[in-house]
There are 2 protein chains.
Amino acid sequence: MEMSIPESIQDLLLGKNFAHVATINPDGSPQVTPVWIDYDKAKNEILMNTAKGRKKTRNMFKGAKVAISIQDQNNPYRYLGIQGEIIDLTETGAKEHINKLSMKYMERAIYPLSEGEIRILIKIKPIYIHTMGN
Amino acid sequence: MEMSIPESIQDLLLGKNFAHVATINPDGSPQVTPVWIDYDKAKNEILMNTAKGRKKTRNMFKGAKVAISIQDQNNPYRYLGIQGEIIDLTETGAKEHINKLSMKYMERAIYPLSEGEIRILIKIKPIYIHTMGN
């Protein structure tokens, strides 16, 4: 099953808003962290970008369920919630993609990678969405 | 085990910032939603307030693990993450507490309850915290 993001609320993903992404720790407890977010409109995929070895990255694997919460930075009562499934994690294009996010969120064309930092592009299929104030 | 919230970052809980709270659905998938948040400094308890019957309320029971993510509304790179455990859910004082939150977030002394709405005050013990930009 898959659900599209309604046109009227796509700006929450495409704008400069942060997303809070929840994953499941190995012990079954939840984890949540703010991240930069992106949306591939043509493929209806939510895109995230993380560094190899981070705690939240370890919770992210193909088939893993994630939940995403995004508020409009100009109106916190305008909200998009997504429950989805990770369909791909790849190093391919991940560096270009973090530069795109860097431009969007920080107006810096090149994201400053740490020594040896490897970026991973994460693609999420939205399964269930809910909105508020829209 | 219990961890105190450092003095220097308590304003994230006491200020007008939203918290994104992650819980676990019955099927093991994560759920996350933005909420009003509060902190009882004397008892070192994170306080939330929800309505009986809501999805996230069904995921909240004594002993349930939750994760909380809070960004400073004036600087999203200043951040507090909490992993905690629900130690109490009670109707006692919950109505007074939602009015307190209403004042804090909306500058309205009385929270407009729906017909038959029952509020629940949720108390969370912080077990592990991490901060950023502080």
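Predicted model: local features only at pLDDT ≥ 70, side-chain atom pairs only at ≥ 80, totals over all residues.

1. Residues are numbered from 1 along each chain as its sequence is written, and chains are lettered from A and ligands numbered from 1 in the order in which they are written. The two strands pair in the antiparallel sense over three bridges, where pairing requires that DSSP finds at least two bridges between the strands, and strands (E, at least two residues) are DSSP runs numbered from the N terminus.

2. Within this pair, Ile46(A) of E4(A) has Tyr39(A) opposite. E3(A) and E4(A) make a hairpin with four residues between them, and Asn44(A) in the turn has a positive phi of about 50°.

3. E4(A) also pairs with strand E7 (residues 119-132) of chain A, in the antiparallel sense and over six bridges; there, Ile120(A) in E7(A) is the bridge partner of Thr50(A).

4. Because five of the seven residues of strand E4 (residues 45-51) of chain A are buried, the strand is largely enclosed by the rest of the structure. Buried denotes 20 or more other C-beta atoms within 10 Å of a residue's own, with C-beta atoms placed from the backbone.

5. Between the chains, 22 residues of chain B are in contact with 22 residues of chain A, contact being C-beta atoms, placed from the backbone, within 7 Å. On the side of chain B that touches chain A, E5(B) gives the largest share, six residues.

Definitions and conventions
Buried ≥ 20, exposed ≤ 12 C-beta atoms within 10 Å, placed from the backbone. Contact = placed C-beta atoms within 7 Å.
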